[in-house]
Each structure stands twice: as structure tokens, then as C-alpha cells.
Amino acid sequence: MATALHHLSDYDSSSVPDASNMCFGIVVAEWNAEITDALLEGTVKTLEKHGALPENIHVKTVPGSFELVYGAHQMTLHGGYDAIIILGSVIRGETPHFDYICQGVTYGIARLNTTSEIPVVYGLLTTDNWQQAKDRSGGCLGNKGDECAVVAIKMAKF
């Protein structure tokens, strides 16, 4: 989580295992593409920085954040991945839609993590406005994608 005390892209790289023999699935939402594309770029760059081969990074897209759960579930069943990362962005609006989507995705990914043999890393930005999403997808608070990649590598090694 980005705070005034923690930048999303700051981590001790010496504590990250070698990912050269790992395979990763990434499910990314098309909704808020400017944000999710930046998250994806950060994720892939960080996986490769730690040794993941490009051919071992498989990206699938889904229309929106709610569909991330289905996409991740399919990857747990059919992919042969060491870890799966979901990437999405939900920005608060004027209706309760934000709450339903965030709650549904959070519950769905938590459930996958308790029922699957493969770790599923939660990379859903849940922000109050566009600027907060930009700040967390490569802006002044770093890139949540970097953090997700590091978590995926560490959890795959777990």
C-alpha cells in the first residue's frame, strides 16, 4: 500500500528470489486502460528484472475489474503458472457500484487464495479519483505493478 512512508516501487531487491525458472499469469482489466496498461508495464518490467523470461509471462485481458476473478480462476485451472497477478483499477463514482465491484473482486481473489494451489496476487487499485490512480500506476507514489511482481515472485517461491 502506498503511503507517505512507503513508495510502491521501493523494495530491497536482494530479498527477491531469482524468477528465471518461474512462469507467471497476468490478468489485466481493459477498463481504465491508461491506468491498467501502466500497471502491466511495471509488472512485466519488474518480473523480467528479476529473471523471468518474456515467454514465461502470459497476459490475458478481461473487460473490467469484476471479471478479474474469473480470469484468475481460469488461469489457476489451465495455466501451469507459479503465480498469477490480477491488475485493475476501480475509481469511486457517484453510485455504490464502486463498493460492489471492490468487495466482489476482493472476496473472489481471497477465496481463490484459500482454494487454489497457486498464489493469486491482488493488484486492484481502489481509489477515490483519477489522480490517485495515476499516482499509484507510475506516478509520484510508484507503480503497484512493481509491488505485485515482487509479491508474485516471493509467493511462487513460498
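This report walks through the predicted model shown above, from the whole chain down to a few single residues.

## Overall fold

Let's start with the architecture. The chain contains five helices and six strands, and reading from the N terminus their order is β-α-β-α-β-α-β-α-β-β-α. With a radius of gyration of 15 Å, close to the 15 Å that the globule rule gives for 158 residues, the chain is as compact as a globular protein of that length.

## Surface and charge

Of the 158 residues, 49% count as buried. The chain exposes about 8,300 Å², and carbon and sulfur atoms supply 54% of that area.

On the charge side, there are 10 positive and 18 negative side chains. The centres of these two sets lie 4 Å apart.

## Cysteines

For anyone wondering about disulfides, the structure holds zero of them. Cys148, for its part, is in no disulfide either: its nearest cysteine sulfur belongs to Cys102 and is 15 Å away.

Is Cys140 buried or exposed? Cys140 has a relative accessibility of 56%, so it counts as exposed. Cys148 has a relative accessible area of 2%, which means that Cys148 is buried.

## Leu125, a residue in strand 4

Strand 4 covers residues 120-127, and Leu125 is part of it. Its relative accessibility is 5%, so Leu125 counts as buried.

Which residues does Leu125 touch, leaving aside its neighbours within four places in sequence? Leu125 is in contact with Ile35 and Leu39, with Gly88, Ser89 and Val90, and also with Ala133, Arg136, Ser137 and Lys144.

## Asn32, a residue with positive phi

Asn32 is found in the loop between strand 1 (24-29) and helix 1 (33-49). Its phi is near 60 degrees, a positive value in a residue other than glycine. For context, most residues other than glycine have a negative phi.

Where does this loop residue stand in terms of burial? Asn32 has a relative accessible area of 16%, so it is buried under the 20% cut-off.

## Ser9, ahead of strand 1

Our last stop is Ser9, which lies in the segment before strand 1. Ser9 counts as partly exposed because its relative accessibility is 21%, a value between the 20% and 50% cut-offs.

What does Ser9 contact beyond its neighbours within four places in sequence? Its partners are Leu141, Gly142, Asn143 and Asp146. His97, by comparison, is 88 residues from Ser9 in sequence, and the C-alpha atoms of these two residues are 29 Å apart in space.

Conventions:
Residues are numbered from 1 along each chain as its sequence is written. This is a predicted model: local features need pLDDT of at least 70, side-chain atom pairs count only at pLDDT 80 or more; totals for chains, interfaces and linings use all residues. Side-chain values use heavy atoms; hydrogens and water are left out. Helices (H or I, at least four residues) and strands (E, at least two) are DSSP runs, numbered from the N terminus. The radius of gyration is taken over C-alpha atoms; the globule rule is 2.2 Å times the number of residues to the power 0.38. Buried means under 20% relative accessible area, exposed over 50%, partly exposed in between (1.4 Å probe, protein chains only). Accessible areas come from the Shrake-Rupley method with a 1.4 Å probe; for residues, only the protein chains shown count as cover. Lys and Arg count as positive and Asp and Glu as negative; His and the chain ends are not counted. The place of a charge is taken as NZ of Lys, CZ of Arg, CG of Asp or CD of Glu. A disulfide is a pair of cysteine sulfur atoms within 2.5 Å. Contact means heavy atoms within 4.5 Å.
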